[in-house]
Amino acid sequence: MRKEVSVGLDVGTSAAKYTVLELATGNVLAQRRVEYSRQDTAVGVVPMGMYTEALEQLLGDLVQEFMVRSVALTTAWYSAIAPTAGGDLVYQWNSIWERNQDVENELKGYLDVSGCHIDILFPVYKLMTAHVLRTMTFKPYGMKEYLMEWLTGQRATDFSTASASGLLDIRKRDWNQSLLGKLGYRREEMPRLLRHNVAVGQAKVKGESFMVVPGLGDGGSASYACKAVSEVAANIGSTMAARELSPVIRHSSPDRTWTFVVDESRYVNGGISSNGGSVLDWARKAKWAIDEVKVTRGGERFYPWLHGERTPFWSADLRGTFAGIDVHTDMTTLSAAIVKGVGFTLSRMINAMAHARSCPSGVVVAGGGVRLSEMLRVVQGSVTVPLTILKSFDYLASDGAALSAAEALGVPLELHHDIETVLEPNDAFQDDYEAWISEAGSVASGVYKVVTAGRAAR
């Protein structure tokens, strides 16, 4: 007999993951990862057909195995859809995009109410580029909204994903009408704004109908999944982030974090770095011994800005930089500097969250980078709050979406997360961290002419 379930579906950039929750018990019945049949046209640019084909097969399998009552989608924040003669393309967060000063001048004054910063990461930058240069067109929404409409015929989104586009007024919790007008979009084109845990509509797959729910964006959904452990969470994936669920807007803080809307009373505030696992992967391919090295105090510094940097600099112009090298420097020392530089980047964002609020339960740290123990030791030695490591963290985004899907049915559930360990802060690398923070601003301004008003979160 098939069990009644809610499903959280994390439609990631590289694979889809899903969590199946039994509605009667709240038990996790399945957590699985499904690879796509890659069809990339460029770095970070993919036909939407790749995702719809994968979801059609995945959902078809699920409705045969379970009695699916609701499905919530979480997708990566920061996507934009461009129609082409060959079909719609999605530009993901990692798509290559050139800075344009005219675009940035046009955006000034519009993003103050959005919770975003002027940066190529945010979809609004791509939309304004298309408006200014007239070389291409974008739809006024991204991947989640496209999939919602594909499944239900209804164009809708959750508040956090709308916020991440740069097109939302986060205080009014409504579309920024003046910015829409500037870009040439009509309000009636825009997705309907909904809570993450209410129904968009119904979908039917292989004769089986189920409710479709917006869910939160991937980062917000991961935080929602582990909120019973802590309302502050960090992730070490290809990118890195630290986020908090809060009733307070922190977009204007000196740490230059972003703020997205969760619902009528809460926001998710956070920092993001483009230089997490992607830098570690680069180091491994370049034969740096980052997995064998022992990190010690002092030594050379590395600023891991291979992809520019977001928090707190918000600049695509920064580049990876070693400092303090002399004739005694060897490859082992530089390998240690790489590990330390990535670790300090995460510590800076965690400390920004801890500086802004009390963290009695510490910070939940998840993602594949947790497995690099030396980097975790660096973070432990340079933060001010405990680090809580969960035994299982690969499905947090889909877990959070499954909770949203159940709540849309009027079934509030809570996931139990087993804790692997709690790492208490020990100040082992605090002096190195403070020196790194201080020099980072000098390197950014002196070498790359990038100036930020942000302070070091200590």
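Visitor: What makes the contact of Glu 374 and Arg 377 a salt bridge?

Guide: A salt bridge is a side-chain nitrogen of Lys or Arg within 4 Å of a carboxyl oxygen of Asp or Glu. Here N to O is 2.8 Å, so the pair meets that definition. Glu 374 and Arg 377 both lie in helix α10, three residues apart, about one turn of the helix. Helices are DSSP runs (H or I, at least four residues) and strands likewise (E, at least two), numbered from the N terminus.

The model is predicted: local features need pLDDT of at least 70, side-chain atom pairs count only at 80 or more, and totals for chains, interfaces and linings use all residues. Residues are numbered from 1 along each chain as its sequence is written, and side-chain values use heavy atoms, without hydrogens and water.

Visitor: Why is Glu 374 called buried?

Guide: Buried means under 20% relative accessible area, exposed over 50%, partly exposed in between (1.4 Å probe, protein chains only). Glu 374 has 12%, so Glu 374 counts as buried. Arg 377 has 25%, so Arg 377 is partly exposed.

Visitor: How do you know that Glu 374 and Lys 294 meet in a salt bridge?

Guide: Their N to O distance is 3.9 Å, so the pair falls within the cut-off. The two are 80 residues apart, with Lys 294 in the loop between α8 (277-285) and β18.

Visitor: Why does Lys 294 count as exposed?

Guide: Lys 294 has 57% relative accessibility, so Lys 294 counts as exposed.
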